[in-house]
Amino acid sequence: MTQITPHEPPTDVAERRAAKPLVCYQVDQLPDSNLVLYQQARTTIKKVAEITVPPRDGACFEVPAGSFFRIISIEGPQVGDLNLWNAHDLSERFFSGKTRQLHATHVSTGDRLWSTLPGLRPMATITWDTLDWYGWDEDGGGVHDVIGTRCDPYTNYMLKGVDYHHCCHSNLTRALVAERNLPPGEAELHVHDVMNVFMCTGFTRDTHQYFMKASPVRPGDFIEFFAEIDLLGALSTCPGGDCGSSHSDDSTACYPLKVEIYEPVAESLQGWTSPERSAYSGTHGL
Ligand SMILES: [Zn+2]
């Protein structure tokens, strides 16, 4: 690859680099996450449905507003790629980039998954995470990232020159085709940047490249969400398995993931209302 020699730094390089970082958003101004209420409500939950996503595949599930859902590791360490939509309007979907800016590169209990503009409201709140002990490792890695996009057959073809049909992008597309009876070309356009459930990722310290390492998830671990609006979810069991070696091929051990839907006792959510879409006028100065 062609190497371009960097420019000579200016004489005040030290001063320019010494500017202090500012957290971009006043996140203490966000609406309350209702975590105390949800912690009480989750003590009353009863399982009402479950699905198992086979290895290297995808499946959809619906979660009514006010219910909980869990993504559970079973059989072996496995990463899951999660998409969420407003169940009644697929144009409102999970906004990975804004979620990252409002919370962090990796999310855990108390963080919310926000929807795309112009909705910009919490779609789901994380209420339990058995991997919350992981924190940040010595490589700067963490779990449950909102920085990766999803493995996809186009990037794979660009890099390897071969067709592979079980990337998360394709798994999510097939799941949506089956769930909503959409033409594949239309379903594919609804698939979006994911939350990488259980995946351990970060940026290398020297070159700031996206890295993955073997997930610390083990059977029995789960992450739990409260559905803030009526949700359609899709989960892909990534062909990377625990993402400790390769992905976008059939060479890695892969395992199923389970999704369980839970309903709390209705009284336990007294005072809670499903969030509305953003109240911004939407006129953009026009
Ligand atoms: Zn994947």
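View 1. Helix α5 is followed by N181, whose phi is positive, near 55 degrees, where helices (H or I, at least four residues) and strands (E, at least two) are DSSP runs, numbered from the N terminus. The model is predicted, so that local features need pLDDT of at least 70 and side-chain atom pairs count only at pLDDT 80 or more, whereas totals for chains, interfaces and linings use all residues. Residues are numbered from 1 along each chain as its sequence is written. With 13 residues, 168–180, α5 reaches 18 Å from its first C-alpha to its last, close to the expected 18 Å, the expected span being 1.5 Å times one less than the number of residues.

**View 2. The buried residues of α5.** Among the buried residues of α5 are C168, H169, L172 and L176; a residue is buried if 20 or more other C-beta atoms, placed from the backbone, lie within 10 Å of its own. The elements covering the buried residues include β2 (58–63), β4 (80–86) and α4 (153–160), as well as α6 (184–190) and β12 (231–237).

**View 3. The cis peptide bond at P118.** L117 and P118 are joined by a cis peptide bond with an omega of about 5 degrees, and P118 is placed in the loop between β6 (112–114) and β7 (122–129).

View 4. H144, in strand β8 (residues 142–145), is not a glycine, yet has a positive phi of about 60 degrees. C243, in the loop between β12 and β13 (257–263), likewise has a positive phi of about 60 degrees without being a glycine. H144 counts as buried because it has 29 C-beta neighbours inside 10 Å, and C243 is buried with 25 other C-beta atoms within 10 Å.

Terms used. A residue is buried if 20 or more other C-beta atoms lie within 10 Å of its own, exposed if 12 or fewer, and partly exposed in between; C-beta atoms are placed from the backbone. Two residues are in contact if their C-beta atoms, placed from the backbone, lie within 7 Å.
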